[in-house]
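Here is a short briefing for a reader new to this structure.

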Amino acid sequence: MTDPIADMLTRIRNALTVKKETVEIPASNMKREIARILLEEGYVKDVKEAEDGYNGKLVLTLKYTEHHQSVISGLERVSKPGLRSYSGAKTMPKVLGGFGIAIVSTNKGIMTDKQAKAANVGGEVLCYIY
């Protein structure tokens, strides 16, 4: 697999399309941090780790409204292995005018665009979630 983050986003997108309650994703440190941000920002209900004999897997419980609409309306991979996308603290992108989040990999760890601006650090813009 050349792009595990894109695979994670695609698994979530596909599970949301068919209204699944949970989605299983092979675990890695980067994916754990992205899942933690999704949980903190309220895009998923719960994140659990399960053993599968390898690196383990993440089980994300997806969040829906009372009308069975997904809380996540879009997942977009920004920085790809063939074309990396970096942004400074001052030029951090706003997703949907501030209604969405950008997940950024900085030298201080993986964080949202708002946290990166507050910490005055830039980095690689991994994805947009809205």
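How many helices and strands does the secondary structure of the chain come to? The chain has three helices and eight strands, where helices (H or I, at least four residues) and strands (E, at least two) are DSSP runs numbered from the N terminus. This is a predicted model, in which local features need pLDDT of at least 70, side-chain atom pairs count only at pLDDT 80 or more, and totals for chains, interfaces and linings use all residues. Residues are numbered from 1 along each chain as its sequence is written, and side-chain values use heavy atoms, with hydrogens and water left out.

**Overall form**
- From the N terminus on, the order of elements is α-β-α-β-β-β-β-β-β-α-β.
- The radius of gyration of the chain is 15 Å, close to the 14 Å that the globule rule gives for 130 residues, so the chain is as compact as a globular protein of that length. The radius is taken over C-alpha atoms, and the rule is 2.2 Å times the number of residues to the power 0.38.
- The C-alpha trace spans about 40 × 40 × 25 Å along its principal axes.

**The sheet**
- An open sheet is formed by three strands in the order S1-S3-S2, with antiparallel pairing; two strands pair if DSSP finds at least two bridges between them.
- Strand S1 (22–26) and strand S2 (44–50) are the edge strands, each pairing on one side only.
- From one strand to the next, the twist averages 20 degrees; axes are lines fitted to C-alpha atoms, for helices over the stretch in contact, and angles run from 0 to 180 degrees between N-to-C directions.
- S1 and strand S3 (residues 57–62) run antiparallel and are joined by five bridges.
- Ile25 stands opposite Leu58 in S3.

**Helices on the sheet**
- Helix H1 (residues 4–17) packs on the sheet and touches S1 and S3, contact meaning heavy atoms within 4.5 Å. The direction of H1 makes about 165 degrees with that of S1.
- Helix H2 (residues 29–40) also packs on the sheet, touching S1, S2 and S3, and its direction makes about 150 degrees with that of S2.

**Helix against helix**
- The axes of H1 and H2 come within 10 Å and cross at roughly 40 degrees.
- The contact is made by Pro4, Ile5, Met8 and Ile12 of H1 and by Met30, Lys31, Ile34, Ala35 and Leu38 of H2.
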